[in-house]
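Subject: Structure handover

Hello,

Here is the structure I said I would pass on. Please open it and keep it on screen while you read the notes below.

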Amino acid sequence: PRFVMALLAFTSAQNLDACQRDMAYKITNVFEWSSTDLSFDLCAYQDDTHGITSGFPGFTTRDGDALDLIQNYTDSYPNNALAQFIPALKAVLNTDSITGLDNYCNVWKNISDNEASFRQAQIDYVSINYYQPSQDQAHQIGFTLPLGLAQFYDCMIMQGPGTDQFSFNGIVQWTMDNFGSPGNDPDIQTKWLSNFITRRRWVFQNANEGWEDDVYRLDSYNWMISQGETGMIGNTIQMLDNSGDPETITCSTQ
């Protein structure tokens with residue numbers, strides 16, 4: 001019955017609804033922080049070549065989105081406590097260095113816990129720079145499978161935009177080149193999603209970005225496909241956590 005409901009929902013779904021989007025964010029948060037609640041305040045040096053990782057999507061000091069977020073926030077809130085780190089963040093851009101970032105994580109946690117405006121800034125940044133571009137790409141190629149849209153978001157968060165073979169757009173293009181468009185049939189779209197995930201697995205193993213140990217993200221999505229979760233029906237979804245155990249994600253947006 002759940003599979004039948006998923007097919008019915010698929011026929012009319014063009015965008016993730018608010019509940020599905022909330023669950024997509026939480027799925028990725030589990031991959032990033034092993035928590036089903038959005039981890040606005042978490043911050044750590046993970047020794048993965050990306051410097052310090054922070055916030056629910058995993059903003060990094062190496063890749064520049066942490067700097068971009070803080071600069072944007074400082075434009076609206078000039079006296080925020082993270083503004084002091086902007087020069088150091090500029091200096092470590094594109095490196096794994098954390099020079100000048102002593103106490104950065106303590107300040108990040110404090111401002112995330114105590115300023116709702118900074119939590120909202122994280123949500124807004126993710127929406128503008130990761131979520132919506134991934135959905136725009138899906139719509140451009142006619143990909144409407146809800147779980148696939150969640151996977152597109154997760155891929156954009158991790159692999160980022162761009163045109164090289166290791167980027168989100170590169171993975172989409174490779175899948176299109178080798179398997180054609182996703183089509184309109186849900187079964188064909190599910191197979192297309194599986195091929196996209198397979199290519200992403202190749203990227204994890206070959207990009208030299210420290211992603212080799214993160215294949216649990218892909219294993220979880222493949223498991224969700226096998227469990228008939230492609231339609232993301234209702235206010236819960238079953239996934240595999242980072243240890244391979246079933247985990248329930250519950251929508252908190254009604």
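Start with two helices. Helix H3 covers residues 65-76 and helix H5 covers residues 104-114; they pack at an angle of about 50°, with their axes 14 Å apart. That angle makes H3 oblique to H5, because angles from 65 to 115 degrees count as roughly perpendicular and those under 35 as roughly parallel. The crossing of H3 past H5 is left-handed. On the H3 side, the contact is made by Ala66, Leu69, Ile70 and Tyr73, and on the H5 side by Tyr104, Trp108 and Ile111. By type, the residues of this contact divide into 7 nonpolar, no polar and no charged. Bear in mind that the model is predicted.

Next, the strands. There is an open sheet of 3 strands in the order E1-E2-E3, and the pairing is antiparallel. Strand E1 (43-45) and strand E3 (59-60) are the edge strands, each pairing on one side only. Strand E2 (residues 52-54) pairs with E3 over 2 bridges, in the antiparallel sense. To find this pairing on screen, look for Ser54, whose bridge partner in E3 is Phe59.

Thr236 stands opposite Thr250 of E5. E4 and E5 form a hairpin, with 5 residues between the two strands. In the turn, Gly244 has a positive phi of about 90°.

Regards

Terms used
Residues numbered from 1 in each chain as written. Predicted model: local features only at pLDDT ≥ 70, side-chain atom pairs only at ≥ 80, totals over all residues. Heavy atoms only, no water. Pairing = 2+ DSSP bridges. Helix = DSSP H or I, 4+ residues; strand = E, 2+ residues; numbered from the N terminus. Axes fitted to C-alpha atoms, helices over the stretch in contact; angles between N-to-C directions. Parallel < 35°, antiparallel > 145°, perpendicular 65-115°, else oblique. Left-handed = near helix turned anticlockwise from the far one by under 90°. Contact = heavy atoms within 4.5 Å. Nonpolar A, V, L, I, M, F, W, Y, C, P; charged D, E, K, R; others polar.
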